[in-house]
Amino acid sequence: MKVYAKTDIGNCREENQDNYWVGELDNSAIAVVLCDGMGGQNAGGCASSTTVEFIKERLIKGFRAFITRNQIRNLLITSVTAANSVVYDMATSDPEKAGMGTTCVAGIIYNERAYLINVGDSRCYFFFDDNMQQVTKDHTYVRKLVEKGLITYEESKTHPDRNRITKAIGAQPFITPDYFELDVKKDDMLLFCSDGLSSYAEDSKIADIIAASPVSKCCDQLIDYVNKHGGRDNVTVAVVTI
């Protein structure tokens, strides 16, 4: 397995509030943690960096040889929910950090299986056998409207509340993250990203770029594309090849 990752401030922001970590666990697994912070001044960056570092430390400490599937699931869920408590306490105890929060998408790829978790609208895509699938589900107001049939998917792209998040780390004292598991095999790929990518590149365009780029250049090519077609947000991308 190999992993590549990159973050970029974009064309319009004064600060990059995205943060990420990728690394090996016990020389047999790859882990990814990617967060997109929200909040005024430096608060969003504080929320995302705190979450990334907290989850990173929990995963490194908790992962071990011969870990079971259920133990990995519990490790991811408890790491994210504990990070939520840490960020929420920071946001409620410091007036300058009031209202801060962050999205989070994270995963452990181990023994031909991907264990994935998310809060907010940062995503994980799965590429397999020339197919592309969005695994995670955005925790957004417009996704709820689409699911209820109140607006179409096309209308959701330009809806005035399209950036409204319904769930974020640090926004509430307790959260329930979404959790997913996938079987993976040689030549499959996982793409983790903040909405700085998904907001400015259609899924079909992302798939085209992935297909046309060497794996080591995918992150660069995706970020270059969104910066040439808007780039009004921070953008972070991580790619794991099996």
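Arg-69 and Glu-181 form a salt bridge, with 3.3 Å between their closest N and O atoms. Arg-69 belongs to helix 2 (residues 69-93) and Glu-181 to strand 9 (residues 178-183), so this pair ties together parts that lie 112 residues apart in sequence. A salt bridge here is a side-chain nitrogen of Lys or Arg within 4 Å of a carboxyl oxygen of Asp or Glu. Helices (H or I, at least four residues) and strands (E, at least two) are DSSP runs, numbered from the N terminus.

Arg-69 is partly exposed, at 47% relative accessibility, and Glu-181 is partly exposed as well, with a relative accessible area of 24%. Buried means under 20% relative accessible area, exposed means over 50%, and partly exposed lies in between (1.4 Å probe, protein chains only).

## Basis of the model

This is a predicted model, in which local features need pLDDT of at least 70 and side-chain atom pairs count only at pLDDT 80 or more, while totals for chains, interfaces and linings use all residues. Residues are numbered from 1 along each chain as its sequence is written, and side-chain values use heavy atoms, with hydrogens and water left out.

## Other salt bridges

The count of salt bridges comes to ten. Arg-69 and Glu-181 are also part of a network of salt bridges that includes Arg-113 and Asp-183.

Another salt bridge joins the side chains of Arg-123 and Asp-138, at 2.6 Å from N to O. Arg-123 is in strand 7 (residues 123-128), whereas Asp-138 is in the loop between strand 8 (131-134) and helix 3 (141-147); the two are 15 residues apart, and the pair links distant parts of the chain. Both Arg-123 and Asp-138 are buried.

The side chains of Lys-185 and Asp-188 also meet in a salt bridge, at 3.2 Å from N to O. In this pair Asp-188 is buried, at 3% relative accessibility, while Lys-185 is partly exposed, at 37%.

## Loop residues with positive phi

Glu-112 is not a glycine, yet its phi is positive, at about 60°. This residue sits in the loop between strand 5 (104-110) and strand 6 (113-119). With 57% relative accessibility, Glu-112 counts as exposed.

Asp-130 likewise has a positive phi, near 65°, in a residue other than glycine. The position of Asp-130 is in the loop between strand 7 and strand 8. Asp-130 is exposed, with a relative accessible area of 84%.
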